[in-house]
Amino acid sequence: MSTPFISLSDTVAVAPQLSASDMAAVKAAGFNSVIINRPDLEGGDTQPLSAEIIKAGQEAGLTVVYQPVVSGAMTQENVNQFQEYLETLPTPILAFCRTGTRCTHLYNAAKQTS
């Protein structure tokens, strides 16, 4: 996987935008789940679509969920859903958005809520 990731805990890491072609490398890096926090087309029509990433992730043996969160507009509902994913998805989990910052904010907010 050419895209670097940042570990937030023993079971959660974040990354900038990933594509379908990254999913096999994500699995090879030891992850079991992926959370997509970037809304489709946020970056225009060159951004990889969640459906393509989900399909490639499942083919690689990953559990992949799409939880679009608008940058700068995170809601408590977003935090609660993210927290539920942290508690229920197979670990370790890799969450991604445009840069990884949004996922980091979701993680920190979810940890404060739990």
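Colleague: Where is the place of Ser71?

Modeller: This is a predicted model in which local features need pLDDT of at least 70 and side-chain atom pairs count only at pLDDT 80 or more, while totals for chains, interfaces and linings use all residues. Residues are numbered from 1 along each chain as its sequence is written, and side-chain values use heavy atoms, with hydrogens and water left out. With helices (H or I, at least four residues) and strands (E, at least two) taken as DSSP runs numbered from the N terminus, Ser71 is placed in the loop between strand 4 (63-66) and helix 3 (76-88).

Colleague: Is Arg38 buried or exposed?

Modeller: Arg38 lies in the loop between strand 3 (33-36) and helix 2 (50-59). Buried means under 20% relative accessible area, exposed over 50% and partly exposed in between, with a 1.4 Å probe and protein chains only. Because the relative accessible area of Arg38 is 9%, this residue is buried.

Colleague: Which residues does Ser71 touch, not counting residues up to four places away in sequence?

Modeller: Contact here means heavy atoms within 4.5 Å. Leaving out residues up to four places away in sequence, Arg38 touches Arg102, among others, and under that exclusion the residues touched by Ser71 are Glu42 and Arg102.

Colleague: Is Phe31 buried or exposed?

Modeller: Phe31 sits in the loop between helix 1 (23-28) and strand 3. Since its relative accessible area is 6%, Phe31 is buried.
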